[in-house]
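Open the model in a viewer and have the selection tool ready.

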Amino acid sequence: MADLTDLTVAEIRDGFRAGTFSAREVAEAFNANVAAAKALNAFIVETPDHVLAAADKADSDRAAGTLKPLSGVPIGMKDLFCTQGVQTTAASHMLEGFQPTYESAVSQKLWDAGAGMLGKLNLDQFAMGSSNETSYFGNVISPWRRGGGDNAPLAPGGSSGGSSAAVSARLCPAATGTDTGGSIRQPAAFTGISGIKPTYGRCSRWGIIAFASSLDQAGPMARTVRDCAIMLENMAGFDARDATSLDLPVPQWEAGLSGDLNGKRVGIPKEYRVEGLDADVARVWDDGIAWLKDAGAEIVEVSLPHSKYALPAYYIIAPAEASSNLARYDGVRYGLRELPDGANLQEMYAATRAAGFGPEVKRRIIIGTYVLSAGFYDAYYTQAQKVRALIARDFAQAFERCDVILAPTAPSAAFALGDKTADPLSMYLNDVFAVPASLAGLPGMSVPGGLSKDGLPLGLQIIGPAFDEQAVLNAGLALEERAGFVARPDKWW
């Protein structure tokens, strides 16, 4: 039998239904891969019993003829989703040991669909970071290596770096991620997989540890566009517990997949052709334009004039919301409590937060508290929200001329661990192409487009109008079919 861990979600689902293999065989194969990949540090918690129990249930359901959409499919869960009775940390010391008494809406939907959990995946602490180097439990290492004998460990992207590394390394066929300003799309690009951030509100935020509530959105990461569609169908849906949840039916995205783009128009934002754009990134972007033209699309130039302000606006709005959301971690109700001898309440707050948060989280809390303070609220936060509205308007006007927009996902291939930790601004610049769609609440997807001269994956990003994930997935499929990306990391771990 072929290596079961090489199979996609669709292949596992269909092969299991056909009786080619049992769900337990699949679960055991992935459990073995997870156990053998400690060097990647992709998982914070491994849950082999959870996935085996789901597999045994799937096997009995198959015998009874009561299969569910994801019966037999094991997945990884980003450790930002609360999982009942299983440690949920947001990769922080603050929540180390925290076991929720409830299940997040998204994870519950996946379990209800028959999926099993291989474990909780590492991430940047409280989802703040672009390289998975801010985790309290240590950085994730990308399974990829540069060519030419350069063995410097590479960043898997962030914040969903554990998810991207695990899917790329065949530790799981798919994983959940969250995207606040690119945290599904950028790590997908860095590791040669696909990932989609749906329209804001498509997936419930209930039970997801909050970073920036007006931006956070769950989405799937997998090796193919079809797998992303399958996963998203089983993650999305209205939830009355989330005030921002979209009360819309969940489309049948997999059934609607088509790489035929005849009659469609693809917009190319002229502002993204920045001076000094990485040559490999530009080459793959040009390849993507040619592939979509070959799929039948008409290529048109569009303008997103306020995109240049997206990054500074994001790094005002997101820290502002984070400073509010993270105020709840005070040592009183749950999580870490530091209580020095003789300390009063204020001193306990200070000691707990000093010990429980890492440097990047503290940096963003300080920035956020500053821009929300009485003397600076209008100068910074109000202005940033005005810029956000202008960016959303730019996209609305662009989509009057096109059906989807094609752009690079990230400004470079994966960088070495440690390269950017001393310079937060250079780290933040990794999100330059991803942040605009997040600020506008639009669906965006990264698919592998090719390799850099160093043999590292480069992603292509498709952005669509609100609620039109189908257009994004179809353009992604057209790219996937023509890119023929089959590269995978050489196993060194």
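Which residues line the second largest cavity? In this predicted model, select Ala23, Ala27, Val51, Ala54, Ala55, Ala58, Gly72, Val73, Pro74, Gly114, Ala115 and Gly116 to show that lining. The space they line has a volume of about 50 Å³. Now colour helix H2 (23–35) and helix H3 (48–64), the elements that give two or more residues to this lining. H3 gives the most, with 4 residues. By class, the lining of this second largest cavity has 9 nonpolar and 3 polar residues, and no charged ones.

Next, go to the largest cavity, which holds about 70 Å³ of space. Select Ala127, Gly129, Ser130, Gly158, Gly181, Gly182, Ser183, Phe211, Tyr314, Tyr315, Arg364 and Asp431 to see what lines the largest cavity. This lining divides into 4 nonpolar, 6 polar and 2 charged residues. In total, the model has 3 cavities of 30 Å³ or more.

The last stop is the largest pocket, with a volume of about 370 Å³. Its lining has 20 residues, and those closest to the centre of the pocket are Arg170, Arg223, Thr224, Phe485 and Val486; centre the view on these. Then show helix H1 (9–18) and helix H7 (225–233), the elements that give two or more residues to the lining of the largest pocket. Colouring this lining by class gives 7 nonpolar, 6 polar and 7 charged residues.

Notes: Residues numbered from 1 in each chain as written. Predicted model: local features only at pLDDT ≥ 70, side-chain atom pairs only at ≥ 80, totals over all residues. Heavy atoms only, no water. 1 Å grid on protein atoms, 1.4 Å probe; cavity = no way out; pocket = protein on both sides within 12 Å on 5 of 7 lines; lining within 4 Å. Points joined across faces, edges and corners; volume = space filled by probe spheres on them. Nonpolar A, V, L, I, M, F, W, Y, C, P; charged D, E, K, R; others polar.
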